[in-house]
Amino acid sequence: MPHPSIVILTGAGISRESGLATFRDADGIWATVRIEDVATPRAFARDPARVHGFYNARRRALADPAVQPNAAHHALVELERRWPAPVLVVTQNVDDLHDRAGQRNLIHMHGELARARCRLCDAVTEWREDLSTDTACPACGRTGGMRPHIVWFEEMPMQMEAIGAALDACGLFVSIGTSGNVYPAAGFVAEVRGRARTVELNLERSAGTTMFDEAIHGPATVVVPGFVRRLLDAA
Ligand code: APR
């Protein structure tokens, strides 16, 4: 198949060189705070102020002008624009660096830091400020219902049907900057193996490296542009 449709899964590693922490590296987010305390529905029910504080800090970090899309984000936008078949980026990341780089065919399967959701009316609103239990919903006006528009552990990731359809149709699956520890994303490569060519681009071997036809290890800002150039030169 000369120009297969492409599905690209990205994780925190693609944003690392933009200055955002990953989760499971030695200096990662889960080295300083416990998932059970800030990233589950029970944590939010138990202590909403603590959960809001965790995401407010990450939303502020994302607003830092020094945090910009990097060469890896831009390479994926060029691939989407120049590849003669569909390219879908499915990101586990809740930062908006793919969006700001100009990626159009993009699914945030774990939600987005820059959005808030009202549990009382389900409205999802772009949100760049701090959130608290006192925040009034811009849609229904009520307070007490606003939460980060983030998929917590034990919650269903977003747009799984669209992701499944794209995986079924793709001829090339590329995993970038993810440790392969969290399902269902970590299971995508097993879903497409044998039907699609599978490639891992990561700083180092991941938990799923052996599942891939090819693994290219190095920093995303080096290996992703190089991989995209190789694809487009052969297109
Ligand atoms: N370039 C490429 N890869 C990198 C870089 C870099 N500069 N720096 C780190 N990495 C790699 C690490 O080697 C690691 O394999 O990125 C991966 C990051 O893995 P995690 O920290 O586990 O992040 P991720 O895989 O995105 O986590 C998945 O887990 O906590 C949940 O919801 C959260 O979306 C997140 C999910």
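Mentor: Contact means heavy atoms within 4.5 Å. This is a predicted model, where local features need pLDDT of at least 70, side-chain atom pairs count only at pLDDT 80 or more, and totals for chains, interfaces and linings use all residues. Residues are numbered from 1 along each chain as its sequence is written, and side-chain values use heavy atoms, with hydrogens and water left out.

Start at Ile6. Beyond its neighbours within four places in sequence, Ile6 is in contact with Leu79, Trp83, Pro86, Val87, Leu88, Leu172, Val174 and Leu231.

Now the core. A nonpolar core is a set of buried (under 20% relative accessible area, 1.4 Å probe, protein chains only) Ala, Val, Leu, Ile, Met, Phe, Trp, Tyr and Cys residues joined through side-chain atoms within 4.5 Å. The largest one has 24 residues. Ile6, Ile8, Leu79 and Val224 have the most contacts inside it. At least two residues each come from β1 (6-10), α4 (71-82), β2 (87-91), β7 (172-176), β8 (197-202) and α8 (220-233). Helices (H or I, at least four residues) and strands (E, at least two) are DSSP runs, numbered from the N terminus. The most comes from α8, with seven residues.

Next, the helix pair. The axes of α4 and α8 come within 8 Å and cross at roughly 15°; axes are lines fitted to C-alpha atoms, for helices over the stretch in contact, with angles from 0 to 180 degrees between N-to-C directions. So α4 is roughly parallel to α8 (angles under 35 degrees). On the α4 side, the contact includes Ala71, Ala75 and Leu79. On the α8 side, Val224, Val228 and Leu231 are among the residues involved.

How values were computed:
Buried < 20%, exposed > 50% of the residue type's maximum accessible area, 1.4 Å probe, protein only. Parallel < 35°, antiparallel > 145°, perpendicular 65-115°, else oblique.
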